[in-house]
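Me: Please take a close look at one part of this model, the packing around its helices. I would like a connected account, with each cut-off given where it is first needed.

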Amino acid sequence: MAAAAAAGVAAGPAGPEPMPSYAQLVQRGWGSALAAARGCADGGWGLARRGLAEHAHLAPPELLLLALGALGWTALRAAATARLFRPLAKRCRLQPRDAAKLPESAWKFLFYLGCWSYSAYLLFGTDYPFFHDPPSTFYGWTPGMAVPRDIGAAYLLQGSFYGHSIYATLCMDAWRKDSLVMLLHHVVALVLIVASYAFRYHNVGILVLFLHDISDVQLEFTKLNTYFKARDGPCRRLHALLANLGCLSFCLSWFWFRLYWFPLKVLYATSHSSLVSVPDIPFYFFFNSLLLLLTAMNVYWFLYIIAFAAKVLMGQMNELTDLREYDPAAPKPSKAETPLRNGLVKDKRF
């Protein structure tokens, strides 16, 4: 299956195109965007209408399956919280504040670890060349082309999960300073997943998912070890070491995966290489605008990482703390007045 898909992208250059610099990304991406804009005589609306009718392929049963998957994730999380995560927190005698936060972190850690491992398998354990040659994601693109089953499975898992995550951010997760931005992120991610599947941009979509999920794995891993190290026991030092190593790898990987590889691999491929391979590629500005918005959110969250590092270097922080969480001594925000669905306490500042 992967070999057949790889054969479909073999129409490009003989070897992988070297990864560009930031300057080349801006120069070529901006130049390609201007050239594409000049070709839109009516502002692109006529082309957009034709593109939606001719190139979007998304059947109602597929949308229904996506919605059922989102409901399934929500039910599975509720069951796992009640039968696994809460009993685990009680058995491990975590502090009430940490016990309240463990279900959310454990749930996200397990999901993102599984999905990132699967996307890593697709990119490095099969014949797909997309990581080492991102422009190849558009080689041989045709409207309505078949989506390989292995990539389609990844899309179903991720799309349904982000549908669940929109509800979870509002009703299940702890409310944080960046929750509104997180909600916007989930909406953008869901739109990108559904639209890229419909327009058959699934090849570059797998690359986007791979470059983003690893940071979530490391973040939740660090938070879990922070919760466990707060209790007394023989493994306290081990959890403290794992939390520190996880925090360091999270900070480094956020820049490397989301602010280095993502723009130079994904944005370069979507803004420049896509037009080289498919000069009249549909909805060019729509997808690139959403990807740029995703990049802006990555920069926004990186500012939290910089603030965290500054506090550590200046000696203002002795313990690992999520700066997005509200200070327990501060007044509650209005959203925090509702009960914490996945925790053991009612204060959503925790």
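Reply: Contact here means heavy atoms within 4.5 Å. The model is predicted, so local features need pLDDT of at least 70 and side-chain atom pairs count only at pLDDT 80 or more, while totals for chains, interfaces and linings use all residues. Residues are numbered from 1 along each chain as its sequence is written, and side-chain values use heavy atoms, with hydrogens and water left out.

I begin with two helices (DSSP runs of H or I, at least four residues, numbered from the N terminus). The axes of helix α7, residues 179-198, and helix α10, residues 284-313, come within 10 Å and cross at roughly 150° (lines fitted to C-alpha atoms over the stretch in contact, with angles from 0 to 180 degrees between N-to-C directions). At that angle α7 is therefore roughly antiparallel to α10 (over 145 degrees). On the α7 side the contact is made by V181, M182, L184, H185, V188, V191, L192, A195 and S196, and these meet F286, F287, L290, L291, L293, L294, M297, Y300 and W301 of α10. Sorted by class, this contact between α7 and α10 has 16 nonpolar residues, two polar ones and no charged ones (Ala, Val, Leu, Ile, Met, Phe, Trp, Tyr, Cys and Pro are nonpolar, Asp, Glu, Lys and Arg charged, the others polar).

Residues up to four places away in sequence aside, N298 touches H212, W254, R258, L259 and F262. The C-alpha atoms of N298 and F255 are separated by 8.9 Å, although these two residues stand 43 residues apart along the chain.

In the loop between α7 and α8 lies R200, a residue other than glycine whose phi is positive, near 65°. R200 counts as buried, with a relative accessible area of 10%. R93, in the loop between α4 (60-91) and α5 (96-124), likewise is not a glycine and has a positive phi of about 55°, but R93 is exposed, at 72% relative accessibility.

Helix α9, residues 236-277, contains H239, which at 15% relative accessibility counts as buried. Leaving aside neighbours within four places in sequence, H239 is in contact with N225, F228, K229 and R231.

Methods
Parallel < 35°, antiparallel > 145°, perpendicular 65-115°, else oblique. Buried < 20%, exposed > 50% of the residue type's maximum accessible area, 1.4 Å probe, protein only.
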